[in-house]
Amino acid sequence: MAFNKRVKIKTILEQNLIGQEITLMGWVRTKRSNKNVSFIALNDGSIITNYQVVADPTLISEEVLKKCSTGACLKITGTVVESQGSGQTSEINAKSIEVLGEADPEKYPLQPKKHSLEFLREIAHLRMRTNTFGAVFRVRHALAFAVHKYFNDKGFFYIHTPIITASDAEGAGETFKVTTLDLNKIPRTEEGKIDFKQDFFERETNLTVSGQLEGELAAMALSEIYTFGPTFRAENSNTTRHLAEFWMIEPEMAFYDAEDNQNLAEDFLKYIISYALEHCAEDLKFLDQRAQEEENAKPADQRAEMGLLDKLKFVVENDFVRLTYTEAIDILRNSNHNKKKKFQYLIESWGADLQSEHERYLVEKHFKKPVILTDYPKDIKAFYMRQNEDGKTVAAMDILFPGIGEIVGGSQREERLDRLTQRMQEMHIPETELWWYLDTRRFGATPHAGFGLGFERMVQFVTGMGNIRDVIAFPRTPGNAEF
């Protein structure tokens with residue numbers, strides 16, 4: 001089989017191949033027939049558009065045409081001709097059709113009809129064959145490529161931080177344990193505790209929740225680095241915003257202060273969204289229409305003010321508003337939303353941890369622009385954030401987007417050894433476990449900063465999908481590790 005001579009549908013639609021004989025391969029989306037001819041809509045995943053195959057029953061046997069049912073995989077050789085119908089400029093007149101893989105129409109679950117997203121999650125091994133998920137994963141690819149291109153073009157170095165670690169960067173304790181111990185015969189110490197000395201790493205280890213701490217070590221030598229890898233949280237949250245396994249992008253930069261950090265994050269977000277708008281136009285147009293249909297099904301008072309494409313252009317075309325947490329609290333506390341008790345979580349005093357509803361109010365109602373919030377109370381932020389001179393706040397920043405709330409979190413890091421160890425003591429984080437991290441403050445410390453972007457949250461924003469489980473190929477959530 002001359003598989004190397006296959007022409008992708010994307011190539012056919014982008015180039016003028018009229019009159020040329022080509023070989024096309026893909027999966028049947030639909031087939032309709034009359035006495036004189038069969039029309040097969042074929043898709044190979046290279047583009048959202050199906051390509052029409054015209055099969056003459058005098059050339060293609062009835063036995064073969066019968067097997068060309070939805071889901072079947074075909075190899076088609078024929079001539080590209082101008083299309084007689086509307087919708088596309090060309091089609092292929094088949095000279096031969098070979099069925100590479102049959103799909104029993106009685107058993108194949110993806111028949112040409114509207115399937116719910118819940119149903120498609122149950123058949124995640126097949127759902128990428130639908131228009132919606134084909135579009136989502138092509139956009140996901142483009143965004144991932146844009147991430148690497150952006151940082152590479154800026155001179156950053158890509159660092160692979162460990163997936164297995166002995167530290168819990170966030171201090172939240174919601175980690176997946178890694179062990180080779182026999183769970184039926186767990187060895188114990190004389191005190192009755194698990195004897196990790198007999199484990200593979202001879203100590204307690206877990207899957208990483210963040211590559212940040214190790215990323216900081218690399219930044220102290222290479223100046224500007226980024227990580228882009230899987231992270232894991234054993235948080236029992238069955239929501240549309242949480243996954244147990246997800247991907248994080250975490251740049252860390254030496255010689256950056258809080259403002260440099262904000263500037264980089266804003267520029268980065270605008271770049272990757274612009275890249276998707278330019279390179280995924282057809283997929284985003286389809287996803288925009290899909291999102292609009294979803295919005296139209298909601299009660300009028302719950303509909304989003306902006307469509308998907310409008311929302312993406314809104315972020316790219318507007319300067320992000322920057323204000324402190326303290327200023328934001330004043331705005332929220334004095335808002336009609338708060339006074340009329342329209343917030344589920346009312347803002348009563350400084351120090352409150354902002355919820356998604358508060359973040360969205362600032363972006364969508366008050367400023368009508370993306371927002372960067374800075375200088376949060378230290379008591380609601382992590383130990384490694386640089387303490388401000390007021391003794392109450394830290395040089396943190398969160399970036400807030402319409403429809404989603406927080407999409408980026410970051411800070412200038414605390415480079416002063418005495419301040420960092422004092423904060424660790426206050427938060428009961430043992431210095432002995434992070435001796436290597438503290439060494440970067442002992443030897444050649446410098447102001448530095450960084451941020452984290454949850455990649456799935458970004459893909460969710462760009463594709464308009466309402467559930468984060470629909471932007472990763474095989475979601476890992478409580479009770480769900482299928483496929």
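This is a predicted model: local features need pLDDT of at least 70, side-chain atom pairs count only at pLDDT 80 or more; totals for chains, interfaces and linings use all residues.
Visitor: How many salt bridges does the structure hold?

Guide: Side chains of opposite charge can pair when their charged atoms come close. In this structure, the number of salt bridges is 32.

Visitor: How many residues apart are Lys-67 and Glu-102?

Guide: These two form a salt bridge, with 3.7 Å between the closest N and O atoms. The pair links distant parts of the chain: Lys-67 lies in helix H2 (residues 62-67), and Glu-102 in the loop between strand E5 (90-101) and helix H3 (117-122). Helices (H or I, at least four residues) and strands (E, at least two) are DSSP runs, numbered from the N terminus.

Visitor: Where is Asp-267, the partner of Lys-154?

Guide: The side chains of Lys-154 and Asp-267 meet in a salt bridge at 4.0 Å, N to O. This pair, too, links distant parts of the chain, 113 residues apart, with Lys-154 in the loop between helix H4 (131-153) and strand E6 (157-158). Asp-267 is in helix H6 (residues 258-279).

Visitor: Is Arg-423 buried or exposed?

Guide: Arg-423 forms a salt bridge with Glu-426, the closest N and O atoms being 2.6 Å apart, and both lie in helix H12 (residues 417-426). Buried means under 20% relative accessible area, exposed over 50%, and partly exposed in between (1.4 Å probe, protein chains only). Glu-426, at 37%, is partly exposed. Arg-423 has a relative accessible area of 7%, so Arg-423 is buried.

Visitor: What is the area of the nonpolar surface patch that includes Ile-164?

Guide: Ile-164, found in strand E7 (residues 164-165), is partly exposed at 37% relative accessibility. Patches are made of residues with over 30% relative accessible area and no salt bridge; like charges are joined within 9 Å, nonpolar side chains (Val, Leu, Ile, Met, Phe, Trp, Tyr) within 5 Å. Accessible areas come from the Shrake-Rupley method with a 1.4 Å probe, and for residues only the protein chains shown count as cover. Made by Ile-163, Ile-164, Phe-200 and Phe-201, the patch has an area of about 390 Å².

Technical notes
Residues are numbered from 1 along each chain as its sequence is written. Side-chain values use heavy atoms; hydrogens and water are left out.
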